[in-house]
Amino acid sequence: MKIEKLKNYNQKVLAILGTLAIVLVIVSILGIAGIAISELFRFNNYNDIETGILSDEKIEELQKENKREQVISYENPKLIDTLNSIYMIPVSHKNLNEAENLNGLLNNRKGSYEYEDSRYSRQIYGSYNNLIIYNQKSEVTKKLFDKRVNFNNINVEYFTDNILLLFKVAENDTYKDGVINLLDFKSLYIYSLIEKKLTKIENEEMDIISYNFLNESKDLIVSFGIDKNNDGKYEDLNEPTIIKKYNYKTGKLTNIVGEKTNSDLQKMLEGTEK
């Protein structure tokens, strides 16, 4: 009789513990779901705020103080017509950390797009401070840098008449945190295996954000980040980008969007063009 009562007692205890465990699991799931939904709403609201332009009333208030809080920024070009090599360039904007003078330079000092093509390419990932080219036939090795640098991804691009290596390289501690890394301003380096030549692409006191080849060409579109607050580091959230074309043959960088168009777009954004 006592054994039977003990069995019943144990069964009741196990049932209670099982029920409590189920309740705890349900509460945990609801809690996690609640946090996820909250974060989703917060993220959506954040995106709505970031993508909006200022109201006419806000613009008028800023104009009275000869100020602006938003600047034009160019997104990575998108190839929309492969046959005719036609691209579209979305124009966005960045919200500045603080209002600046309307007469200030848009660039303070004067990315990549995606498409499919037939050219083969590959990426090598890691953390590097130099690169050695080794020729097995001639038993010759060549280091590319004679100075201290830092870079991570190496892009290998195969053309019918050349093989190019590309990498974004940090050379100076522009952020002044005691480390030369990819938070600092970077330059784009191109090494030609055929020409055995290393070329540097930079835009003074700007950061290389992204790059890619124009359709059926060795010319590049390069996206530069503008360090508006002069802290030595590009911040995607509050600082704009510009895009330029790099001519592989001449080694020259040229604007894709003209100064007049850029100025007109900025004036429309800040409401100074009526």
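The accessible surface of the chain comes to about 17,500 Å², and 55% of this area belongs to carbon and sulfur atoms. Accessible areas were computed by the Shrake-Rupley method with a 1.4 Å probe; for residues, only the protein chains shown count as cover. The structure is a predicted model, in which local features need pLDDT of at least 70 and side-chain atom pairs count only at pLDDT 80 or more, while totals for chains, interfaces and linings use all residues. Residues are numbered from 1 along each chain as its sequence is written, and side-chain values use heavy atoms, with hydrogens and water left out.

Of the 274 residues of the chain, 34% count as buried. Buried means under 20% relative accessible area, exposed over 50%, and partly exposed in between (1.4 Å probe, protein chains only). Three helices and 16 strands are present in the chain. These are DSSP runs numbered from the N terminus (helices: H or I, at least four residues; strands: E, at least two).

Four strands form an open sheet in the order S13-S14-S15-S16, with antiparallel pairing. Its edge strands, S13 (206-213) and S16 (253-255), each pair on one side only. Neighbouring strands of the sheet are turned by 35 degrees against each other on average, direction ignored. Axes are lines fitted to C-alpha atoms, for helices over the stretch in contact, and angles run from 0 to 180 degrees between N-to-C directions. Two strands pair if DSSP finds at least two bridges between them.

Six bridges join S14 (residues 220-226) to S15 (residues 241-246). Gly225 has Thr241 as its bridge partner in S15. Leu220 stands opposite Tyr246. Tyr246 also stands opposite Leu253 in S16. S15 and S16 are antiparallel and share three bridges. They form a hairpin with six residues between them, and Gly251 in the turn has a positive phi of about 75 degrees. S15 is mostly covered, with five of its six residues buried.

Helix H3 (residues 259-270) has 12 residues and reaches 16 Å from its first C-alpha to its last, close to the 16 Å expected at 1.5 Å a residue. The expected span is 1.5 Å times one less than the number of residues. Asn262, Gln266, Leu269 and Glu270 are the buried residues of H3. They fall within an arc of 85 degrees seen down the helix axis, so they line one face of H3. The arc is that of the directions from the helix axis to the C-beta atoms. Lys260 and Met268, on the other side of H3, are exposed. Gly271 follows H3 and has a positive phi, near 80 degrees.
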